Amino acid sequence: MKATGIVRKIDNLGRVVIPKEIRTEMQINNGNTLEIYVDKNDTVVLKKYSPVRELDDLEGYIETLEETTDSNVIIADTDKIIAASSELEEYQGHTLSEKMKKIMEKRKTKFWDEVEDEDFCSNFRTRDNKELGNAIITPIMKQGDILGGIILASNDKKLTDFEAKSIEVTAKVISKRLGL
């Protein structure tokens, strides 16, 4: 752990304010969920909580979507890509761009050509360095909160409403499995 030199008092309701500099650096926003635990040195630790990351069968969802849609799949929480098709597995752990986050914040399924950013798909390339020409993104939501998103991408076929419905259903199934 790195020391920040910032000291805060706990108020009479047991609250402590996380300084803006730390919230900015850690990308902690209003409404984010934090996990609180105590380590072996009796240190209180606050960690961003991602219920999507806690799911144990994301590979099953990815395989099913790949087989159903013949497309590449990426599953992300609100900050990072946490699972991807084998063609895109090198992107696991990559931070989502601000543009990607803004798309998810709109709470609607979007085809890449509906997105203001024309370079949306060029951020991702397959193992054989093919640029993904088509993509759909849909948010994973629970009780109105955005918890992540699913991206379906292809480099050789136009994605249609069928693929959009497929990832919307998958996002709803994942949402139902999340215990919040």
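The structure is a predicted model.

**The whole chain**

Followed from the N terminus, the elements come in the order α-β-β-α-α-β-β-α-β-β-β-α. Switching to a surface view shows an accessible area of about 11400 Å², with 48% of it belonging to carbon and sulfur atoms. Of the 180 residues, 39% count as buried. Among contacts with a separation of 6 or more, 50% join residues 24 or more positions apart.

**Helices α3 and α5**

Next, select residues 58–69, which form helix α3, together with residues 161–177, which form helix α5. Two packed helices are described by the angle between their axes and the distance between the axes. Here the axes come within 11 Å and cross at roughly 165 degrees. Because of that angle, α3 is roughly antiparallel to α5. The crossing of the two helices is right-handed.

Now display the side chains where these helices meet. On the α3 side, select Leu 58, Tyr 61, Leu 65, Thr 68 and Thr 69. Their partners in α5 are Phe 162, Glu 163, Ser 166, Ile 167, Thr 170, Val 173, Ile 174 and Arg 177. Sorted by class, this contact holds 7 nonpolar, 4 polar and 2 charged residues.

**Lys 101**

Move on to helix α4, residues 98–105, and select Lys 101 within it. Is Lys 101 buried or exposed? Its relative accessibility is 10%, so Lys 101 counts as buried, the cut-off being under 20%.

The last stops concern the backbone. Most residues other than glycine have a negative phi, and most peptide bonds are trans.

Select Asp 42, in the loop between β1 (34–38) and β2 (44–48). Although Asp 42 is not a glycine, its phi is positive, at about 60 degrees. With a relative accessible area of 67%, Asp 42 is exposed.

Then select Gln 143, in the loop between β6 (134–142) and β7 (145–154). Gln 143 is likewise a residue other than glycine with a positive phi, near 50 degrees. Its relative accessible area is 68%, and Gln 143 therefore counts as exposed.

Key. Residues numbered from 1 in each chain as written. Predicted model: local features only at pLDDT ≥ 70, side-chain atom pairs only at ≥ 80, totals over all residues. Heavy atoms only, no water. Axes fitted to C-alpha atoms, helices over the stretch in contact; angles between N-to-C directions. Helix = DSSP H or I, 4+ residues; strand = E, 2+ residues; numbered from the N terminus. Parallel < 35°, antiparallel > 145°, perpendicular 65-115°, else oblique. Left-handed = near helix turned anticlockwise from the far one by under 90°. Contact = heavy atoms within 4.5 Å. Nonpolar A, V, L, I, M, F, W, Y, C, P; charged D, E, K, R; others polar. Buried < 20%, exposed > 50% of the residue type's maximum accessible area, 1.4 Å probe, protein only. Areas by Shrake-Rupley, 256 points an atom, 1.4 Å probe, with all protein chains shown as cover.
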